[in-house]
Structure formats: structure tokens, C-alpha cells
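Visitor: I am new to this model. Please pick out its sheets, with the helices packed on them, and go through that part closely in plain terms.

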Amino acid sequence: MLECGIDWPGRTLTRLALFWACAVITCMASAAVARELEPPVAQQVAPGVYWFAGSTGEASPANAGRIGNASFIVGPLGVLAVDSGSSYAHGLELLGAIRRTTDQPIRALLLTQARPEFIFGAKAFQDAGVPVWMHQRALDLMLERCALCLSRLRKILGVSVMAGTEIVRPDFSLGEGLSTGLIGRPLQILDLGPSSGPGDLAVWDASTATLIAAGLVDHQRIPRLFDDHLEGWLRALDVLAELPLAQLIPGHGPPGSAGLLGQHKQYLQALGRSVQSAMQSGLSLGQLADLPALGPWTGWDGYPQQHVQNLQILYLRLEQRWLQQP
């Protein structure tokens, strides 16, 4: 997941965060060999609710950067597409797969977050006449930094893979969550405040008890602390846990049950305890990689590299708060 950015909240740029965010994708390039990718396949998780599986690992030539999930919901009046893939070509393939699944028109594309694997296919939808929706805070973040992310992806994945890919201007920016009957099926677009990232959204389909959790939840993958507000993220997970949900589509990894919310929350809590303990023990930033393995999450995609990055980012945040105390 390439992110070149900003600490949230406070938007304080840290040297460590900038290093990890802008260098991680270049580190993956030599480890992968480009191959022909299978076209995206829509998989149904509930009546009228479908998802497209993202690849494991970080963005690389081997997966063409297609590491994020995408989804869509079909109603009697049309389709709501959720997230757009990692490139113009990927967006075109997702469009084609949706159209092979249903004859209903695509009424809108919702971008749930400002991360490259979810936003860079949006121009393909917009060129096809599909209005693009995004939260204003996520839009601000995308416009602030994603030109750099796009430039780096072109260097790593190749100009041909990223051909035609541009940062779009959404047709509609949300100031908060909303309820919509656009597709003839009542849906709630949930804005739970600063959490996994500024303006990150989820979609609740009450008719099938399905939550498209997007950036708020990953499954079998270590989540990335970067733009998050950790306390707000934990509160958001508690709010989502109150929903009577039967299945959940995460931002990364396969769909699952409501139990994914607890797994994700437990990791974030264990991460926080680990950093607090390290600081109380007087460990330095460079010694965090030597901490004991963190329980059941060691088998998740991205462990230990992403976990160590999370430790370091949270350590620096807590250190900064401590230094700012009177």
C-alpha cells in the first residue's frame, strides 16, 4: 500500500513516516517479476452484493498494484460501485466485470479512502459517465499527496501498466455520511469521523446485513497506521460492532463475519500496549524490531515489516505527545 504522507490528526510530517510511506513500494520492485494477471472476477457474498479480491503483499510488478478489494451492490434501479482499483486499466476491467454480472446501469462510484489501490481506477468510471463520490476530507488528502504516489507507481509498475491513470476530481464530495436510495435499495454510507484515515467511509446494506468496511478493517493483513487517528479508529470499530451484521467485506483480505471487527480491534489494542510497554521500559525507536512477536497476528500478510513500521509510527506519536506536555 503506497502512501506518501501526512500524520493524522495534527498533520505533522515525520521523517520516519515519510521514509516508510514513500520508499515501501520501491523496496518491493526487485522482489517481483511481472506476469499476466487474471481478470477480476465478481464474487457474490450476499444477494446483490459482490466483491473483487485484491492481491496479497505490497504493490509490485507481479500484482500490478492490485492489492485492494473492490465491491459493488446491485439494486432494482442500478449499481453502486465501491472503490475503483489501482489503475485506469484495472478500473476498465472492473467496469467490464460489473457489466457482465448485471444489466443495471452503474449509478455512482464511491471512493471510500485516499489510498492508491482504491482510487486510481476512478477515471475509467468517470470516462464511462459514472459520477464519482468521495468524502471531502479524503479528497483533500488525495489532492495533497497522490500526485507523488502516482509518479512512484509509474516508476515501479511501469508506464504501460499505469497508462491513462489520473487523479480525478469527484463529481460529489460528502461532508458526512448519508443514506441513499439511488439504486432502489436503501444504503447507508457511514462516516465515523477520524479513524483509519481522514474521510474514510463504509457502506451498510441493512437488507442483507452486509458491511463494506473498506479502510476501517483488514482481514489476515496487518493494517497500516499512517493517516489514522487510533483512538477514533477503536471507537469506530465499536460503533460498527453494534450493527447486526452477517458478513463483512474488508479493504484487504477475504470477506468474513462480524468477528473480523474484534480481530482488527484486538490487534490495534495489542499494538498500543506493546508501544506503551516499550517506552516505559526505556527502549529506543531502533529497538522496537526486537520486541517479542505479537501473538496470533504473526501469520498475517505484512508481518513483521508492516508491524514494525506501525510500532515506530505509534512510538513517535506518543513521544511527541510526551514532549509537548507542560
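Guide: Two strands pair if DSSP finds at least two bridges between them. Helices (H or I, at least four residues) and strands (E, at least two) are DSSP runs, numbered from the N terminus. The model is predicted, with local features requiring pLDDT of at least 70 and side-chain atom pairs pLDDT 80 or more, while totals for chains, interfaces and linings use all residues. Residues are numbered from 1 along each chain as its sequence is written, and side-chain values use heavy atoms, without hydrogens or water.

Start at the β1 end. Strand β1 (residues 43-46) and β2 run antiparallel and are joined by three bridges. Within that pairing, Q44 has Y50 of β2 as its bridge partner, and A46 has V49 of β2. The two strands form a hairpin with two residues between them, and G48 in the turn has a positive phi of about 80°.

Next comes strand β2 itself. On its other pairing, four bridges join β2 to strand β3 (residues 70-75), again in an antiparallel arrangement. W51 is the residue that stands opposite S71 in β3. In a regular strand the side chains alternate between the two faces of the sheet. In strand β2 (residues 49-52), V49 and W51 point one way, Y50 and F52 point the other way, and all are buried (under 20% relative accessible area; exposed is over 50%, partly exposed in between, with a 1.4 Å probe and protein chains only).

Contact here means heavy atoms within 4.5 Å.

There is another open sheet, of five strands, in the order β8-β9-β10-β11-β12 and with mixed pairing. Its edge strands are β8 (178-180) and β12 (247-252), and each pairs on one side only. From one strand to the next the twist averages 25°.

L178 is partly exposed, with a relative accessible area of 23%. Apart from neighbours within four places in sequence, L178 is in contact with F172, L187, Q188 and I189. V203 is 25 residues from L178 in sequence, and the two are 9.8 Å apart in space, C-alpha to C-alpha.

Further along is strand β10 (residues 201-205), which pairs with β11 in the antiparallel sense over three bridges. D205 has T210 of β11 as its bridge partner. The hairpin of β10 and β11 has four residues between the strands, and A209 there takes a positive phi near 55°.

Strand β11 has nine of its nine residues buried, so β11 is largely enclosed by the rest of the structure. T210 also has a bridge partner in β12, namely Q247. Strand β11 (residues 210-218) and β12 pair in the parallel sense over five bridges, and A214 has P250 of β12 as its bridge partner. Helix α7 packs on the sheet, touching β11 and β12, and its direction makes about 15° with that of β11.

Helix α7 has a helix partner as well. The axes of helix α6 (residues 230-241) and helix α7 (residues 259-280) come within 10 Å and cross at roughly 160°. The two helices are therefore roughly antiparallel to each other (angles over 145 degrees; under 35 counts as roughly parallel, 65 to 115 as roughly perpendicular and the rest as oblique). From α6 the contact is made by L230, W233, L234, L237, D238, L240 and A241, and from α7 by L261, H264, K265, L268 and Q269.

Technical notes: Axes fitted to C-alpha atoms, helices over the stretch in contact; angles between N-to-C directions.
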